[in-house]
Structures are given as C-alpha cells and as structure tokens.
Amino acid sequence: MLRLTAATLAFCTASLAFAAPAPAKSPQQAHSTSIKGKINYLTFLPKSYSAKGDKVPLIVFLHGSGERGADLNKVKAWGPPAIVEKDPDFPFMVVSPQVPEGQWWDTYLLKSMLDDVLKRYNVDPKRVYLTGISMGGYGAWDFASRYPEYFAAVAPICGGGIPRLTRSMKDIPVWVFHGLKDDAVPEQESARMVEALKAQGGNVKYTVLPEAGHIDAWVHAYGEAGLFDWFAQQRK
C-alpha cells in the first residue's frame, strides 16, 4: 500500500489537505497544495532519484477536460502518467495536477505547485519540461507564456491560446502537435500560436498529422514521435 504524503507550502495563509490515496501498487503518489485555492497532483519518481544524488529532470503534464474531477486516477488515462504506470524505468520525474470538475487550468496555482515541487524534490531546474493535451494544451501555452523562466522546453498538443503572449516564449524550444482531422479542437488553434511564435523569432517546430483526429495527436507525440528523447536534449 502506498503511503500518502502531503506537500507543504508556506505562502500567506496556505493550508494543507490530503488528496485521495493512490491505488495499491501504483508508482505515483498523491499530493495537494493549497494557496488561495487547492490543486491535487500525482508525482512519479524515476529509479535514479535520490534526495542527495544527481538532480533529475521533471515533466509537468496537464490533462484534458475529460480527466477533470476529484479522482486522481482519472489523470492516468493518457500521456506521461499513463506511461509511468507501466514503465518503472521512465527516466523523468512526472508531476500531473488535476483540475476540479467544471474548472479550467489556473496558472497561478500551477506556478505555486511547481515552486513547491522544486523546493521539496531534487529536481534539475535547467531540465523542467511542460506538456499538455487538449484543454491541457491550452494550459501549457498559457503557463509557459506567463512563466517562461521555468521551462527548458514545451510541447502543447491539440491546444491553443492567446497569440500575442507567445512573445515571452521566443527563447524556449517548443514542439507543437495537432491532427488535421481533429473535430474537438480545430487545427487552426495550434497553427495561429505557431505562426505568432515564429513571428517573434521563436524556436518552434510544428507536427501536423494529416489523417489524425484528436486523440491520435498525443498518442503519436508520446509514442513514435520521440518527444521524450527531444525533451532530454533540451537544457536551459
């Protein structure tokens, strides 16, 4: 049975609350951080992790709208939190927050969570990566554009955002994915962000999958595209 731990963050009148325990035998632990609001999240630590050893790289994963709620097991449906359930040799630490039902990504809460994680864990601040799918793709664009100093690379998938904010991301390597046959989030949502970032002289590449729908884009990105290998090559 996994032990439930809690992250503590001293900020204003911050309070601490425990999230629901993760299921038995899961390699991911459940945490909560409350800073003028509460955010629950999963953490996965690679086998190489040591509190006093070499610092590990970190991936922050933002889920889609279907994984909102109060059950952290829902976050394990796709992407890195799904992968680490089956692959204990995954070389990155993974932090996977969850949005409550009916809500949207709050970048202030995400920043506070990330500050807490970076304080508590032996993470390499030069190797922090951000990715998200669908609603999480929008969240990734927004989080990176508002707090670009945190990230070595960003991979928004099937998302979109506010094009003018991309000017703050021009020095971050960005890899964007979208399916041309996406009937949930139009491909133009990613395309306009990519064009705006290119206009700022940004370091961005865009993978459009001509026959792919919504889910296909992130299956490709987290699979055969080699996104995690690309992350590993990026440093601040």
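**Overview of the chain.** The secondary structure of this predicted chain comes to six helices and eight strands, where helices (H or I, at least four residues) and strands (E, at least two) are DSSP runs numbered from the N terminus. Read from the N terminus on, the elements follow the order β-β-β-α-β-α-β-α-β-β-α-β-α-α. Of the 236 residues of the chain, 57% count as buried, a class that means under 20% relative accessible area, with exposed being over 50% and partly exposed in between (1.4 Å probe, protein chains only). Among contacts (heavy atoms within 4.5 Å) between residues at least 6 apart in sequence, 70% join residues at least 24 apart. Because the model is predicted, local features need pLDDT of at least 70 and side-chain atom pairs count only at pLDDT 80 or more, whereas totals for chains, interfaces and linings use all residues. Residues are numbered from 1 along each chain as its sequence is written, and side-chain values use heavy atoms, with hydrogens and water left out.

**Close-up of strand 3 and its two partners.** Seven of the seven residues of strand 3 (56–62) are buried, so this strand is largely enclosed by the rest of the structure. Strand 3 pairs with strand 5 in the parallel sense over six bridges, and strand 3 also pairs with strand 4 in the parallel sense, over three bridges; two strands are taken to pair if DSSP finds at least two bridges between them. On the strand 5 side, Ile59 has Tyr129 as its bridge partner, while on the strand 4 side the bridge partner of Leu58 is Met93. In a regular strand the side chains alternate between the two faces of the sheet.

**Close-up of the nonpolar cores.** The largest nonpolar core has 37 residues, and those with the most contacts inside it are Leu58, Leu130 and Phe151; such a core is a set of buried Ala, Val, Leu, Ile, Met, Phe, Trp, Tyr and Cys residues joined through side-chain atoms within 4.5 Å. Among the elements that give two or more residues to this core are strand 2 (38–44), strand 3, helix 2 and helix 3 (135–146). A second, separate core of 27 residues includes Phe44, Ile59, Phe61 and Ala225. Not counting residues up to four places away in sequence, Leu130 touches a set of residues that includes Val60, Leu62, Phe143, Phe151 and Phe231.

**Close-up of helix 2.** Helix 2 spans residues 107–120, has 14 residues and reaches 20 Å from its first C-alpha to its last, close to the 20 Å expected at 1.5 Å a residue, the expected span being 1.5 Å times one less than the number of residues. At the start of this helix, a side-chain oxygen of Asp106 comes to within 2.9 Å of the backbone nitrogen of Tyr108. The buried residues of helix 2 include Leu109, Leu110, Met113, Leu114 and Val117.

The structure holds nine salt bridges, each defined as a side-chain nitrogen of Lys or Arg within 4 Å of a carboxyl oxygen of Asp or Glu. Glu211 and Lys181 form one of them, their closest N and O atoms being 2.6 Å apart. Since Glu211 lies in the loop between strand 8 (204–209) and helix 5 (214–221), and Lys181 in the loop between strand 7 (174–179) and helix 4 (187–199), the pair ties together parts that are 30 residues apart in sequence. Glu211 counts as exposed at 60% relative accessibility, and Lys181 as partly exposed at 49%. In another salt bridge, the side chains of Glu85 and Lys76 meet at 3.8 Å, N to O; Glu85 is partly exposed, with a relative accessible area of 31%, whereas Lys76 is buried at 12%. Arg192 forms a salt bridge with Glu189, with closest N and O atoms 3.7 Å apart, and both residues lie in helix 4, three residues apart, about one turn of the helix.

**Close-up of two loop residues.** Thr166, in the loop between strand 6 (153–157) and strand 7, is buried with a relative accessible area of 1%. Leaving aside neighbours within four places in sequence, Thr166 is in contact with Trp141, Met193, Ala196, Leu197 and Gln200. Gly223 is found in the loop between helix 5 and helix 6 (227–233) and is partly exposed, with a relative accessible area of 42%. The C-alpha atoms of Gly223 and Gly79 are separated by 9.2 Å, although these residues are 144 residues apart along the chain.

Technical notes
A polar contact is a pair of N or O atoms within 3.5 Å; within protein, one must be able to donate a hydrogen and the other to accept it, and residues adjacent in sequence count only if both atoms are side-chain atoms.
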